[in-house]
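Dear colleague,

Please find below the structure that I am handing over to you.

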Amino acid sequence: MSKLSRQIRNLVFVLVVVLLSFACTIELLQIQIVDGEYYKDQTANTYTANQTVQAARGQIFTKDGKVVNTNRLVYKIIVQKAFFKSGTENDVIAKTLKILQNNDQKWIDTLPVSKTAPYKFTGDDDEIDTLRSKLELGVYATAENCMNALYEKFEISDSYGQEMRRYIAGVRYEMLIRDFSYQNRYTLAEDVSVQTVIELKEQSFMLGGIDIIEEAIRQYDGKDFIPQVVGRIGAISAEEYAELSDKGYSLNDTTGKWGIESAMESTLRGQNGIRSITRNSSGMVVSDEITKAATAGNSVRLTIESDFQNDVQAILENHIKWLHYNNDPTRGNKVDAGGVVVLDAKTGAVLAMANYPNYDINNYIDLINNPKDPNPTYNRCIYGLYRPGSAFKTITATAALVSGIANENTEVYCGGIYTYYDDYQPGCIMGFVGDVTVRTALRYSCNIYFYDMARQMGIDYLAKVAGWFGVGQDLNLEIGGATGNMSTPEYIESLGGTWTPGSTIQAGIGQLETTVTPLNLAVIALTLANDGTRYQPYLVDSVTSYDGTKTIKKTEPTVAYKIDADKHIFQVVREGMIMVADDVQWPMGSGITQLADLPYGVAIKTGTPQVTTDTFNSTILGYYPAEDPQICFGIVLEKGEFSRLMVRNIIESYFYNNYKPVTNEKGDIILPWGGQSTNTPGRPARGEADKNNSDTSSNTNNLSLIHISEPTRRSYIS
């Protein structure tokens, strides 16, 4: 190449560079000077939306560390307004729902209207009223009116087809009631399959606004383990949101609905994180980051011991099955429900709370949609109200002794009929008993003695003493419960009844309209066991770190009330209750060894309260060992009998880990308990146990190793 050619080429190159530089300068001047204000506005007009990042909910453990409710990571499909392109919402929803349909996946749709035409309302009145209100329709608007209003409001064309049109309307309505916005994402579906996730990601370029995240959902590992106690979480309602919005909840949140999940909501919930999404005025996302990490909630350790709870549940269920199998038409074969509560006598901690019928918490929705009678979701132990019957006589006996109208030697003559009133002369269930003191009155459950004591002290004093034992009082259990009622003139009149002198004596034997829960019965026993000190029952042993390894707060026993009375009064009542246990006669074929054969005294009081003319319940309260109580219990069988047969089973299970019913080849419960005498050979008589031998590890079934101060318990009990 010649020198001239090179010079020409260099000149051309320089000219091109100069021209390009000039063009860039002109463009820069255009951007910075001519269009500067426009681009300045574009930069300034960004919008940052903060969305909630869900925190993992704390777990629920039993006393011995078994998980009842925990969390499981799943794929969720969420809808985010920050990524939606205006006008594409219905198309995106339709494409997403089609993928879900093809993979047989469900999505959230609570629109209270049938899925197919002709449209009908499917929800309750409140849900239907909310729908009409959101759509600004009158109270007489039909389901068809509501659907047409939804189609018009959200511009859902009939080109989608009737089925998909209804589905889109359901999603758009859900977004409406969940306050879908830049701040509030909407969860369309949760726990979707991996295949669904893959297909959604493959078509993500057509699904602006749809996102897939991994988050935890509640997993109910406990299944049928105290579901009435543990409870369940659910979507937050409008009413709940009105109360909780200032605590950081959104309409897309979940919250505890009942049980421990509700009572410990603030502990379990944790602290949500924040996801910040910034868009410019053109809708383009310029940043998306987690600006505050979520913090998992703390966990809850219950006072309930898993193996013992399972045994008590089985004891209750098997006893009822035995009554059905035994099929004695006069003795409780119509029993269909019941509850058992066992408390730690030293603290008030709930050791077991069994309900029958029971259910799997994972089937809760099916039970709500297809209710059964009796209702298994109902916690009879704390909400079931029953007349205590003769179990109440322990309170009447205590009141008589505390008031001073009687002492331990005061006798009342029982001739089988109470003749104090001319116009009302009720009888004694035992017939003729003769002269009885408080001990023998308890032993024989003599109505005449307690009629007379109630009459002498009067209903006001009896009601006051009953309140000391927690009857008609809020027991302040974490998950709530019914207060029960004491029969008083005011209460009877509030029910439309009339108070008579005979009402007082009926109240003295636990009849009339006095009602208690199984927990109430256990608390009465607890108060008697502690010589008048009533501890507040509780279910939460401690609050721990999420994984349960660190205790944050330990529950300390709380004295709810202390009866100001000489301890000897409670000893007298105790002796009468021991006589009840020692005298209990077991039905033929029960397979139950006498309570009198246990190494220490059992203090109990039974009741057979009348419900209707020919229907009776079976109640019992008590504690063991009577000399140094470790456990207290309260039992109710609806239309049942022989609740006392469960007492030995409960004692054997708790102290000696020894429970197994006898069944036939068909699996029928032919004995509610079997083999005590063979499983625990050579039991000593009461009081002959070796109290000096502290080694209980070699044989938990050997009663000779029990201590009054430290009875043998399962190895994990602290």
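**Cavities, pocket and overall model**

By class, the lining of the largest cavity comprises five nonpolar, five polar and one charged residues. The cavity itself has a volume of about 60 Å³. Its lining is made up of Ile382, the residues Gln473, Asp474, Leu475, Asn476 and Leu477, then Gly480, Gly481 and Ala482, and finally Thr517 and Leu519. Please bear in mind throughout that this is a predicted model.

A search of the whole structure returns two cavities of 30 Å³ or more. The second largest cavity holds about 40 Å³ of space. Val68, Asn69, Tyr220, Gly222, Lys223, Phe225, Pro227, Val230, Gly231 and Ile361 form its lining. Two elements, strand 3 (67–79) and helix 8 (227–230), each contribute at least two residues to that lining. Sorted by class, the lining of the second largest cavity has six nonpolar, three polar and one charged residues.

Turning to the open sites, I examined the second largest pocket, whose volume is about 680 Å³. It is lined by 29 residues, of which Ile429, Met430, Ser445, Thr606 and Thr608 are the closest to its centre. Two or more lining residues come from each of helix 16 (438–444), helix 22 (567–583), strand 19 (603–607) and strand 22 (618–624). The lining of this pocket divides into 10 nonpolar, 13 polar and six charged residues.

As to the protein as a whole, there are 24 helices and 25 strands. Of its 718 residues, 52% are buried. Where contacts link residues at least 6 apart in sequence, 70% of them join residues at least 24 apart.

Finally, a word on confidence. The mean pLDDT of the protein is 86, and 86% of the residues reach 70 or more. Over residues 675–718, however, the pLDDT is below 50, and this stretch has 93 contacts in the model beyond near neighbours in sequence.

With kind regards

Terms used. Residues numbered from 1 in each chain as written. Predicted model: local features only at pLDDT ≥ 70, side-chain atom pairs only at ≥ 80, totals over all residues. Heavy atoms only, no water. pLDDT = per-residue confidence, 0-100. Contact = heavy atoms within 4.5 Å. 1 Å grid on protein atoms, 1.4 Å probe; cavity = no way out; pocket = protein on both sides within 12 Å on 5 of 7 lines; lining within 4 Å. Points joined across faces, edges and corners; volume = space filled by probe spheres on them. Helix = DSSP H or I, 4+ residues; strand = E, 2+ residues; numbered from the N terminus. Nonpolar A, V, L, I, M, F, W, Y, C, P; charged D, E, K, R; others polar. Buried < 20%, exposed > 50% of the residue type's maximum accessible area, 1.4 Å probe, protein only.
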